[in-house]
Amino acid sequence: MEVMNKILSESDATNKRLEFPARSLPAFPMPDGQNSVEFVAFDMQEQQWRLKVSIRNEGRHAKPWLKGEWHDYVHQKGLHKGDKVILTMDEEENGERIYRIRAERKHFGFWYSIDDQQ
């Protein structure tokens, strides 16, 4: 299941966090009373990235963001404004959730996997 498909803004690519779409929050059940949840996402080379989805404690809107090793991921993949990040989740029969992350770049009107070019 696709959790997020986002074209990166300047702040997503340069700050240590990604503004995360609120509609994607159901893929990350948060324990009662907590405002964040950590998870591991695998990239196309099966490298693990320790990420964290957080929401603010106050206000009407959750305004979630993705942190953890996000900045390291951006740096290693050479991501910048206009690149796309896709996060997917598969739920195993035992209830375990497997997350995958991949990055793409548009070239001559087509999206290409950045991982294939590394």
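This is a predicted model: local features need pLDDT of at least 70, side-chain atom pairs count only at pLDDT 80 or more; totals for chains, interfaces and linings use all residues.
Two strands are said to pair if DSSP finds at least two bridges between them.

**Strand pairing**

S3 and S7 run parallel and are joined by two bridges, and Phe42 is the residue that stands opposite Arg100 in S7. S3 also has S4 as a partner, for these two strands pair in the antiparallel sense over seven bridges. In this second pairing, Val40 stands opposite Arg50 in S4. S3 covers residues 36–42 and S4 covers residues 48–54, while S7 covers residues 97–107.

**Loops with a positive phi**

Most residues other than glycine have a negative phi. Against that background, which residue takes a positive phi in the hairpin of S3 and S4? The residue is Glu46, with a phi near 70 degrees, and the hairpin has five residues between the strands. Glu46 therefore counts as partly exposed at 46% relative accessibility, since that category lies between the cut-offs of 20% and 50%.

Another residue of this kind is Phe108, which is not a glycine and yet has a positive phi of about 55 degrees. Phe108 lies in the loop between strand S7 (97–107) and strand S8 (110–113). Is Phe108 buried or exposed? Phe108 counts as exposed because its relative accessibility is 73%, and exposed means over 50%.

**Charged patches on the surface**

The positive surface patch is formed by Arg17, Arg56, Lys63 and Lys67. Among them, Arg17 is found in the loop between helix H1 (10–14) and strand S2 (18–19), and Arg17 is partly exposed, with a relative accessible area of 41%.

The patch of negative charge gathers Asp90, Glu92, Glu93 and Glu96 on the surface. One of these residues, Asp90, is found in strand S6, which holds residues 84–91, and Asp90 counts as partly exposed at 40% relative accessibility.

The table brings together the accessibility of the residues discussed above.

| Residue | Relative accessibility | Class |
|---|---|---|
| Arg17 | 41% | partly exposed |
| Glu46 | 46% | partly exposed |
| Asp90 | 40% | partly exposed |
| Phe108 | 73% | exposed |

Methods:
Residues are numbered from 1 along each chain as its sequence is written. Side-chain values use heavy atoms; hydrogens and water are left out. Patches are made of residues with over 30% relative accessible area and no salt bridge: like charges are joined within 9 Å, nonpolar side chains (Val, Leu, Ile, Met, Phe, Trp, Tyr) within 5 Å. Accessible areas come from the Shrake-Rupley method with a 1.4 Å probe; for residues, only the protein chains shown count as cover. A salt bridge is a side-chain nitrogen of Lys or Arg within 4 Å of a carboxyl oxygen of Asp or Glu. Lys and Arg count as positive and Asp and Glu as negative; His and the chain ends are not counted. The place of a charge is taken as NZ of Lys, CZ of Arg, CG of Asp or CD of Glu. Helices (H or I, at least four residues) and strands (E, at least two) are DSSP runs, numbered from the N terminus. Buried means under 20% relative accessible area, exposed over 50%, partly exposed in between (1.4 Å probe, protein chains only).
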